[in-house]
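Open the structure in your viewer and keep the sequence beside it. This tour names what to select at each stop and says what is there.

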Amino acid sequence: MTAAGRPRGVLSIGAVLAQLRPDFPDVTISKIRFLESEGLVRPARTASGYRQFTAADVDRLRYVLSAQRDRYLPLKVIKEQLDAADQNAAKALRAVDPSPAVGHRVTREDLLARAGIEAGVLADLEQLGLIRTGAGGFYDHEAVQIASTVRAMAEHGLEARHLRPFRVAADREVGLVEQAVGAAHRQRDREDVVRELAALSVTLHTLLVKVGLRDVAGRPVSPR
C-alpha cells in the first residue's frame with residue numbers, strides 16, 4: 001500500500017493528470033472524466049467511488065489524446081479502435097490503428113480492409129476528391145483515416161455524396177495558407193509558417209463547427 005492507502009501501482013485522477021500534462025498541456029480533470037463517460041477509459045472504483053487508474057489506463061488515455069491531437073480522429077472512431085483491441089488483448093495497443101505508418105503506402109484492397117468500406121464508397125470518395133490516389137495507385141496514411149472517418153459518419157446518415165463541402169472548405173483553407181506563406185523566402189521559415197497556420201486553421205475550423213452544431217442541437221425539432 002502507498003502512504004495514501006492506495007494499492008501500489010494505482011493512481012488517482014490527479015496523479016494521472018500530472019503524468020499527462022507534460023505531453024498534453026491542455027488536458028484537464030474534466031477532460032479525463034469526459035473520456036471516461038464516453039467509454040474511452042474504464043478505471044476501477046473503490047467502495048467509496050474513488051477512481052483507481054492503472055498504468056494501462058494512462059497508456060489508453062495517451063492513445064486517445066494523441067489520436068485526437070495528431071490525427072484529428074473523432075472519438076467514435078478511436079473508441080472503435082480501442083474496442084477492437086480489447087477483443088484481442090494479446091495485441092499491443094498501438095497495433096489497433098488501422099492506418100499505415102506515416103510515409104507508408106497501402107494498396108486499394110488494403111485500404112478497403114483497414115477502413116471497413118466497400119469499393120463503391122471508395123470510388124465515390126475519389127470522384128468527389130475526398131481521397132486522392134498516389135503514385136502507382138497506392139494510398140497514404142491520411143487516405144485510410146479519411147475513409148475510416150467517412151464510414152463512421154455514414155452510420156449517422158451522412159453518405160459520401162454529402163461530404164463534398166468538406167473538400168471545398170479544406171481547399172479554401174489551403175489556399176489561404178498558401179497565400180500567407182508566399183512572402184516567406186527561406187524554406188525553413190515557410191515550413192514553420194505552414195505548421196503554425198495548419199494548427200490554427202484546424203482549431204478555428206473545429207471551433208466554428210462546434211458553435212454551429214451547438215446551435216443545431218438547441219433548436220426545437222420540427223414536426224413532420
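Select H141, which sits in helix α7 (residues 141-154). Helices here are DSSP runs of H or I with at least four residues, strands are runs of E with at least two, and both are numbered from the N terminus. H141 counts as buried because its relative accessibility is 7%. Buried means under 20% relative accessible area, exposed means over 50%, and partly exposed lies in between (1.4 Å probe, protein chains only).

Before going on, note that this is a predicted model, in which local features need pLDDT of at least 70, side-chain atom pairs count only at pLDDT 80 or more, and totals for chains, interfaces and linings use all residues. Residues are numbered from 1 along each chain as its sequence is written, and side-chain values use heavy atoms, with hydrogens and water left out.

The side chains of H141 and Q145 are joined by a polar contact of 2.4 Å. A polar contact is a pair of N or O atoms within 3.5 Å; within protein, one must be able to donate a hydrogen and the other to accept it, and residues adjacent in sequence count only if both atoms are side-chain atoms.

Next, select H104, in the loop between α4 and α5 (108-115). Leaving aside residues up to four places away in sequence, H104 touches Y139, D140 and H141; contact means heavy atoms within 4.5 Å. F138 is 34 residues from H104 along the chain, and their C-alpha atoms are separated by 9.4 Å.

Move to helix α8 (residues 164-181). This helix has 18 residues and reaches 26 Å from its first C-alpha to its last, close to the 26 Å expected at 1.5 Å a residue. The expected span is 1.5 Å times one less than the number of residues. Which residues of α8 are buried? They are R167, V177 and V181. Seen down the axis of α8, the buried residues fall within an arc of 85°, so they line one face of the helix. The arc is that of the directions from the helix axis to the C-beta atoms. On the other side of α8, P165, R172, L176 and Q179 are exposed.

Then select V16, L20, I32, F53, L61 and I78. Of the 24 residues in the largest nonpolar core, these touch the most other members. A nonpolar core is a set of buried Ala, Val, Leu, Ile, Met, Phe, Trp, Tyr and Cys residues joined through side-chain atoms within 4.5 Å. At least two residues of this core come from each of α1 (13-20), α2 (29-37), α3 (55-71) and α4 (75-86). The largest share, 6 residues, comes from α3. A second, separate core of 16 residues includes V106, A115, L122 and A143.

For the next stop, select Y72, in the loop between α3 and α4. Y72 is not a glycine, yet has a positive phi of about 55°. Most residues other than glycine have a negative phi. Y72 counts as exposed because its relative accessibility is 51%.

Of its 224 residues, 29% count as buried.
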